[in-house]
Amino acid sequence: MRFHYSLFTIHHSPLTLKNNLSFPSFFGRILLAIIMLSALYLFLGPGRYVEADAVNELVYFFILAPVLVISTILFSFLIGLPIRLIPSLFKYWYDRPYICLALFIVGIILCLLSINLHFIASEINIVNGEEIMEQRPNFKMLCAGWFTVSFSVTHFYFSSFTQFIKRKTGSTKKE
């Protein structure tokens with residue numbers, strides 16, 4: 001078994017590992033992460049709980065959203081570099097796709113709990129001499145869920161998951 005270290009491919013004896021680390025697979029994970037994080041941003045982002053005029057809506061949706069999504073994905077890939085660069089860690093991660101699924105579920109739950117009435121943060125602002133109470137999602141929970149979803153989606157290998165399901169159901173072909 002010979003490993004060649006790279007961001008996109010690790011030459012490994014099973015052909016499936018090589019295919020899973022190819023550029024199309026890498027691009028697919030990035031695209032999935034962009035879609036998932038954009039959906040989370042539209043559902044939980046500042047445009048949902050801050051009253052904004054047209055200029056601020058443009059900033060929230062067309063400037064802040066792409067910057068936040070892309071920077072989160074880059075941060076997730078940097079944090080996950082050891083998974084790609086250390087062969088034993090990669091094999092452990094690849095053989096256990098349920099870890100990604102569990103992280104994804106935990107991240108979504110944290111994001112949803114951040115807008116739960118028991119966890120919402122209340123803030124009193126003074127506008128034109130009047131005190132106004134504003135309710136916002138719990139920022140710490142939202143960030144933890146956001147980064148957990150980002151990490152799990154950017155490090156999810158699709159065929160690893162299908163192979164895992166086939167192994168567990170016993171539907172692998174024996175030749």
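Trainee: At what angle do the axes of α7 and helix α8 cross?

Mentor: Keep in mind that this is a predicted model. Helix α8 covers residues 139–154, and its axis and that of α7 come within 7 Å. The angle at which they cross is roughly 155°.

Trainee: Is α7 roughly parallel or roughly antiparallel to α8?

Mentor: Take the crossing angle of roughly 155°. Angles over 145 degrees count as roughly antiparallel. So α7 and α8 are roughly antiparallel.

Trainee: And which hand does the crossing of α7 and α8 have, and how do the contact residues divide by class?

Mentor: As α7 passes α8, the crossing is left-handed. On the α7 side the contact includes Cys100, Phe104 and Leu113, which meet α8 residues, among them Met141, Trp146 and Val153. By class, the contact residues of α7 with α8 come out as 14 nonpolar, four polar and no charged.

Trainee: What about α2 and α7: at what angle do they pack, and are they roughly parallel or roughly antiparallel?

Mentor: Helix α2 spans residues 23–44 and helix α7 spans residues 98–113, with axes 11 Å apart and a packing angle of about 15°. Angles under 35 degrees count as roughly parallel. The crossing of α2 past α7 is right-handed. With that angle of about 15°, α2 and α7 are therefore roughly parallel.

Trainee: Which residues in α2 meet α7?

Mentor: Over in α7, the partners are Phe104, Ile108, Cys111 and Leu112. The contact of α2 with α7 has eight nonpolar residues, no polar ones and no charged ones. From α2 come Met36, Leu40, Phe43 and Leu44.

Trainee: Now the strands. Which residue in β2 is the bridge partner of isoleucine 124?

Mentor: Strand β1 (residues 121–127) and strand β2 (residues 130–136) run antiparallel, joined by seven bridges. They make a hairpin with two residues between them, and asparagine 128 in the turn has a positive phi of about 55°. Glutamate 123 has glutamate 134 as its bridge partner in β2. For isoleucine 124, the partner is methionine 133.

Terms used: Residues numbered from 1 in each chain as written. Predicted model: local features only at pLDDT ≥ 70, side-chain atom pairs only at ≥ 80, totals over all residues. Heavy atoms only, no water. Axes fitted to C-alpha atoms, helices over the stretch in contact; angles between N-to-C directions. Helix = DSSP H or I, 4+ residues; strand = E, 2+ residues; numbered from the N terminus. Parallel < 35°, antiparallel > 145°, perpendicular 65-115°, else oblique. Left-handed = near helix turned anticlockwise from the far one by under 90°. Contact = heavy atoms within 4.5 Å. Nonpolar A, V, L, I, M, F, W, Y, C, P; charged D, E, K, R; others polar. Pairing = 2+ DSSP bridges.
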